[in-house]
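Please take a look at the structure below. Then follow this short walk through it.

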Amino acid sequence: MKHIILFSGGVQSAFTVHILLQKLSKQDIILLYTDTKTEHCDNYRFRNDLSKFFDIPITTVQDGRDVWQLIDDLHDIPTARFRLCTDRLKIRPRKRFCKQFSKDDFTLYFGFDKTEWRRMQRMFARCQQERIKVDFPLKDITITKEEIKKIITEKWGIPLPQMYKLFKHANCLPCFLWGKKDWYLCFKFFPEIYDKVAKLEQTYGTSAMRETYLSDLKTIFQSKEFKTPETSALESFPCECVY
Ligand code: SF4
């Protein structure tokens, strides 16, 4: 029986590995990483540090394209409603990988905690449709994300991904689930990426955010009246496959 952890490189998927190692042999654990090739380079450093710490190699699957190439091929940009990036770059490669196992021979694990019961329900329903087993080990323990971060940095000695300094999640850069504050941080710290997405919005006529285009938002960000947000934490949504 294989135990496949969706190893996004978020702190909760890292802690899920830690929990499973209390009861399973590491030979039966697969750290499955779906590479969108669109992440901050420090996410890769963090995952590799964790892999060394657990002494389990990372199994990487990918579509082969990054988000930019996907947009180019689809002639459209992903949005929160139509998560083409999640589907093409994460879900489909994961499904292809899992096909090598018979459905009774593996369990998928996600790092959702007990506060994320809606996400658990959605993922449970999706896995039921696929007739595969799924589990969420963090739901059975009481620990906050901040406590997990402390354990990883202070006890395991692994610095968190730099993305956490700005964003709530170590998602892709850019992420098409971002809210206004996240886009502000992108505008401020990664202006080339911001402008690239704004240009693509004009090309394809789709806005990355609901209700507004990034070019209009940029005007607001540049205005004197705009109040700089301190954090994006409350507005960013995790990708379904993150953790
Ligand atoms: S993290 Fe964001 S950009 Fe990356 S696949 Fe998920 S929704 Fe898309």
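The text below goes from the cores to a helix pair and then to some backbone details.

This is a predicted model, in which local features need pLDDT of at least 70, side-chain atom pairs count only at pLDDT 80 or more, and totals for chains, interfaces and linings use all residues. Residues are numbered from 1 along each chain as its sequence is written.

Start with the largest nonpolar core, which has 26 residues. A nonpolar core is a set of buried Ala, Val, Leu, Ile, Met, Phe, Trp, Tyr and Cys residues joined through C-beta atoms within 7 Å. Buried means that 20 or more other C-beta atoms lie within 10 Å of a residue's own; exposed means 12 or fewer, and partly exposed is in between, with C-beta atoms placed from the backbone. Phe176, Trp183, Tyr194, Ala208 and Leu214 have the most contacts inside this core. At least two of its residues come from each of α3, α4, α8, α9 (191–204) and α10 (214–222). Helices here are DSSP runs (H or I, at least four residues), as are strands (E, at least two), numbered from the N terminus. Helix α8 gives the largest share, four residues. Domain 1 (2–163) and domain 2 (164–222) both contribute, so this core lies between them. The domain bounds come from an automatic or database domain assignment.

Now look at Trp183. Leaving out residues up to four places away in sequence, tryptophan 183 touches Trp178, Tyr194, Met209, Leu214 and Leu217. Contact means C-beta atoms, placed from the backbone, within 7 Å.

Next comes a helix pair. Helix α1 (residues 11–21) packs against helix α6 (residues 145–155) at an angle of about 70°, with axes 10 Å apart. Axes are lines fitted to C-alpha atoms, for helices over the stretch in contact, and angles run from 0 to 180 degrees between N-to-C directions. Val11, Gln12, Ala14 and Phe15 in α1 meet Lys145, Ile148, Lys149 and Ile152 in α6.

Finally, turn to the loops. Which peptide bond is cis? The one from leucine 173 to proline 174, with omega near 10°. Proline 174 sits in the loop between α7 (163–166) and α8 (180–189). Lysine 37 is not a glycine, yet its phi is positive, near 55°. Its loop runs between β2 (29–35) and α2 (41–54). Lysine 37 is partly exposed, with 15 other C-beta atoms within 10 Å. Histidine 75 also has a positive phi, of about 55°. Its place is the loop between α3 (67–74) and α4 (84–98). Histidine 75 is exposed, with 9 other C-beta atoms within 10 Å.

How values were computed:
Two residues are in contact if their C-beta atoms, placed from the backbone, lie within 7 Å.
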